[in-house]
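Colleague: Could you take me through how the interior of this model is put together, strand by strand?

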Amino acid sequence: MCLILPRVIIIISLWLLYFGSSHAHSLQIMEKEPEMIKLPQARHAVHLSAESIIGLRRSIREYSKESIQLQDLAQLLWAAQGITSPNGLRATPSAGALYPLEIYLSVGLSSGLAPGVYHYQPRQHALVPVRDTDQRAALASAALGQRCVAAAPVCLVIGAVYNRTAIKYGNRARRYVHLEAGHAAENILLQATALQLGTVVVGAFDDQTVQQVLAMPSDHEPLALIPVGHPLS
């Protein structure tokens, strides 16, 4: 009995050492953050007047199969939530400058990005890869089968973290967040018009399914889908 016990202890120790280190290694790999993809700087030259862009804006649901340039994607993301001042203020107004919005990008056809899902980081003007496969069909299914979501080369998704605003504004937070989402959506629409791209705001979708498709955290609640593409001539 005295000889068996030490052997058992040695075997258990070796087992824990081997499998424990393997498990720790696998956790390290899974928890490793993907590298950010730096976006081109936003252009600030105005080719059309604000009045012209407003007059030209229309909801467009039919797109060609032409891919979207990375520069144009960078411009759209900047218009939605880009930093526009040295003190961190953004392109769209935010109650208390709390910035509850989160912008996701579902990519199918882009000359500068592989198909997949990305999360926009305003401070770095960069994208973090979230999923590495084309999710447009799944996103369209979540949007009650709306074909424009599947047909568009890319789709921007506006999400929100309500608690960021609720900390200061309590029950008024939802109203303020929804106003901000509207500001961001209109900026995207007008910027797309200036880039001669077509787009439309989609509000009919299953929230939980969209979260799952885009691998959004549970507190990032989707508010609008905005497919973008080159209009059919």
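**Strand pairing and core**

Modeller: In β5, Val 157 is the bridge partner of Tyr 104. The model is predicted, with local features needing pLDDT of at least 70 and side-chain atom pairs counting only at pLDDT 80 or more, while totals for chains, interfaces and linings use all residues. Residues are numbered from 1 along each chain as its sequence is written, and side-chain values use heavy atoms, with hydrogens and water left out.

Colleague: Which residue is the bridge partner of Tyr 104 in β3?

Modeller: Strands are DSSP runs (E, at least two residues), numbered from the N terminus, and two of them pair if DSSP finds at least two bridges between them. β2 and β3 pair in the antiparallel sense over four bridges, and β2 and β5 pair in the antiparallel sense over seven bridges. In β3, the bridge partner of Tyr 104 is His 119.

Colleague: How many residues of β2 are buried?

Modeller: Buried means under 20% relative accessible area, with a 1.4 Å probe and protein chains only. Leu 101, Ile 103, Leu 105 and Val 107 point one way from β2, Glu 102, Tyr 104 and Ser 106 point the other way, and all are buried. The buried count for β2 is therefore seven of seven.

Colleague: Which residues touch the most other members of the largest nonpolar core?

Modeller: A nonpolar core is a set of buried Ala, Val, Leu, Ile, Met, Phe, Trp, Tyr and Cys residues joined through side-chain atoms within 4.5 Å. The largest such core has 33 residues, and those touching the most other members are Leu 105, Leu 156 and Ile 158.

How values were computed: Buried means under 20% relative accessible area, exposed over 50%, partly exposed in between (1.4 Å probe, protein chains only).
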